[in-house]
Amino acid sequence: MTSVLDVVGVVKTYELEGLEVRALDGVDMAVHEGEMLAIMGPSGSGKSTLMHIIGLLDRPTTGTVTIEDQDVSNMSANELATVRNRRIGFVFQSFNLLARTTAMANVELPLVYAGVAASDRTKRASEALERVGLGDRLKHMPNQLSGGQQQRVAIARALVTAPSIVLADEPTGNLDSRSGVEVMDILQGLNREGITVVLVTHDDRVARHAQRIVHIRDGRIISEEQVEKRVDARAELEALRSGAVPEHVENVWVNGNSGVRPDSDDGAAR
Amino acid sequence: MNFVESFRIALRALNANKVRSALTMLGVIIGVAAVILLVAIGSGVQRDITGSIEGLGSNLLFALPGDFSEGGGPGGGGADIRKRFKMEDAETLRRRLPAGTVVVPVIQGQATLKYGNRTFRASVTGGNDQGDQVFNSTYNTGRHYNRGEYVSGERVLVLGDGPRQELFGGQNAVGRELTVNGQRFKVIGSIEAQGGSLTGDQDNAVYMPATTAQRLFGTSDLSSIILKAPEAEDVKAMKPQIEKILRPRFGDEFTVFTQEETLGLLTQILGTLTVMLAGIAGISLLVGGIGIMNIMLVSVSERTREIGIRKAVGARTYDIMSQFVIEAVVLSVTGGLVGIAIGWLGALALQSVVPTEITWWAVVIAFFFSAAVGVFFGVYPAWRASRLDPITALRYE
């Protein structure tokens, strides 16, 4: 299987009040083309740090990251910015939309930095928003949208550049269950269309939407599993609509959400 | 990302904080308006003064007692004048200079004019019958004193506009009598208002024969001698001639200025003054610039999260940098344009009080200086913003 992204021997250490903290302690991992992968671990396991390194937002202390056979370890900040722009799409737990900026303008943002002409940008951004079901909300500001809608704007922004990978960091963490299912439905839909999706979560239920789960704890990958009974978000939505919530959905989802919530952020950036 | 995009982003950000943007601009507005206004006043005054001197004609020469070759301009060496001009010196000059040269012995002083129960403190200028050719004066009514009145030292005088207004309420004064330092004088003429209050002495002046003035002040000295060459091109040659005539009696203790030299000196002094005014105004522009830097720094830390988002989706250092620099420049240039408008209108409004002249170079300099202020004070905050680590910026609360 071709891998889109390879992480080899990645170590990340922080200095915290004179103490050295090892957030990642030698991680080897590959993301295969077209797969949907979940990185799962409890709070403090290093999964977010790994996510930031995969997303080229942060650099490893040692080790290499290769994206589509291109070693990014020694790239300058500007080169990394270009790779982020062209190959990676981000979905954050706290949405991270620009406040006082329309959904359209938010989705256009990566295209602006890619140097796409204005007319082309408008077309692509409205297509992306339509794809996440927000074709009628183009001119809305983030504060006029629900959390689920904001997250869908963020997904549109992530996929508007047609990236190699979409990275989603606790995408359902700040959402109610229904919106969470909707977001997972969109991510699964993208994956069906061939887009590689990497998901970071502490929630087993969310992780089971993926094909493969990598378990991380204390900065190391402890196990890897192929998901046998994948959760289908579309079926969940159907069930929610008909009112007959299947037992396993209710149990697992609610349990997952009522468990340790990831540190909640307060929505869009100011 | 191209410039137009950066520009649009900057405008959107400024629009989102209208009050703050306006207050930030205020510093630059005041600075630029002050520069334009003060320079306009400076050069207006300069134009006015040089204009009134040029009005005397360009073929004038002034002989003054005292050596001004070192230690500044006229008046600077007043203390060490040992030898003053007498009537004979004027007479000698008249005899030995080419025919057609006007030589006017001048005596100046202050005297109190009294008419009825009104008094006026005027500056008295004594000259001879040809004085009207060298004093910048246009006769309203009446006439200049004649040769006979000059020779016999009659107590006649010509009123400037100031004393005429004060003493006679603007009515025709010719033929009336008044007292000067207690002596009776007859008014034989009056002079039009000169305007340009900064050279106002002319309007406060009364003119009388030098002989009369000498008796009035109890002196046989002259203040200066003013000469008028027949043609403007004679002036250059005449200066050494005058010096040669005066040297045997005065050595180096006198100075001859041509009209041109006087004008040059004045222009220089006034020019320095204008630059000084502009400099003072420039300081306020600088303060305005620091205000911009302050606001930009606040804006950067306030929008750290935004910077993080932009970086995450692919903004390069240059993109962030240009966004903030353009914001600062838009602030300062807009402030500069408003400041120019206010300074311009202010200069027009003040024209009735002070002579003002809007100079294109002050406008251009003020505009570019304000733009430079934006770049200079915007670069540091922008640089701080651009080198933020994306992940640190995203985590910022």
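In chain A, residues 24 or more positions apart make up 71% of the contacts with a separation of 6 or more; two residues are in contact if their C-beta atoms, placed from the backbone, lie within 7 Å. The model is predicted: local features need pLDDT of at least 70 and side-chain atom pairs count only at pLDDT 80 or more, while totals for chains, interfaces and linings use all residues. Residues are numbered from 1 along each chain as its sequence is written, and chains are lettered from A and ligands numbered from 1 in the order in which they are written.

Chain A holds nine helices and 10 strands, where helices (H or I, at least four residues) and strands (E, at least two) are DSSP runs numbered from the N terminus. Of the 270 residues in chain A, 49% are buried. A residue is buried if 20 or more other C-beta atoms lie within 10 Å of its own, exposed if 12 or fewer, and partly exposed in between, with C-beta atoms placed from the backbone.

**Interface and cores**

Between the chains, 22 residues of chain A are in contact with 17 residues of chain B. On the chain A side, the elements that give two or more residues are helix 2 (77–87) and helix 3 (103–114) of chain A. Helix 2 of chain A provides the largest share, six residues. By class, this side of chain A has 11 nonpolar, six polar and five charged residues. Ala, Val, Leu, Ile, Met, Phe, Trp, Tyr, Cys and Pro count as nonpolar, Asp, Glu, Lys and Arg as charged, and the others, Gly among them, as polar.

A nonpolar core is a set of buried Ala, Val, Leu, Ile, Met, Phe, Trp, Tyr and Cys residues joined through C-beta atoms within 7 Å. The largest nonpolar core has 129 residues, and those with the most contacts inside it are Ile39(A), Ala156(A), Val166(A), Leu167(A), Val35(B) and Ile36(B). Helix 2 (residues 18–54) of chain B gives the most to this core, with 15 residues. Apart from neighbours within four places in sequence, Ala156(A) is in contact with Val107(A), Ala128(A), Leu129(A), Arg131(A), Val132(A) and Leu134(A). A second, separate core of 51 residues includes Ala63(B), Leu97(B), Ala122(B) and Ala173(B).

**Helices of chain B**

Two packed helices are described by the angle between their axes and the distance between the axes. Axes are lines fitted to C-alpha atoms, for helices over the stretch in contact, and angles run from 0 to 180 degrees between N-to-C directions.

| Helix pair | Angle | Axis distance |
|---|---|---|
| Helix 3 (residues 87–96) of chain B and helix 7 (residues 235–250) of chain B | about 135° | 10 Å |
| Helix 8 (residues 259–302) of chain B and helix 10 (residues 317–350) of chain B | roughly 145° | within 11 Å |

Helix 3 of chain B and helix 7 of chain B are therefore oblique to each other; angles under 35 degrees count as roughly parallel, over 145 as roughly antiparallel, 65 to 115 as roughly perpendicular and the rest as oblique. In this pair, Asp89(B), Thr92(B), Leu93(B) and Arg96(B) of helix 3 of chain B meet Ile242(B), Ile245(B) and Leu246(B) of helix 7 of chain B. That contact has four nonpolar, one polar and two charged residues.

Helix 8 of chain B passes helix 10 of chain B in a right-handed crossing; a crossing is left-handed if the near helix is turned anticlockwise from the far one by less than a right angle, and right-handed if clockwise. Helix 8 of chain B contributes Ile292(B), Met296(B) and Val300(B), and helix 10 of chain B contributes Phe324(B), Glu327(B), Ala328(B), Leu331(B) and Ser332(B). The classes here are six nonpolar, one polar and one charged.

Six of the eight residues of helix 6 (residues 210–217) of chain B are buried, so this helix is largely enclosed by the rest of the structure. The cover over its buried residues includes strand 3 (102–115), strand 4 (118–127) and helix 4 (147–152) of chain B. Gly218(B), with a positive phi near 65°, follows helix 6 of chain B.

**Single residues**

Glu17(A) has a positive phi near 50° and is not a glycine. It sits in the loop between strand 1 (3–16) and strand 2 (19–32) of chain A, and it counts as exposed, with 5 C-beta neighbours inside 10 Å. Glu68(A), also not a glycine, has a positive phi of about 45°. Glu68(A) is partly exposed, with 15 other C-beta atoms within 10 Å.
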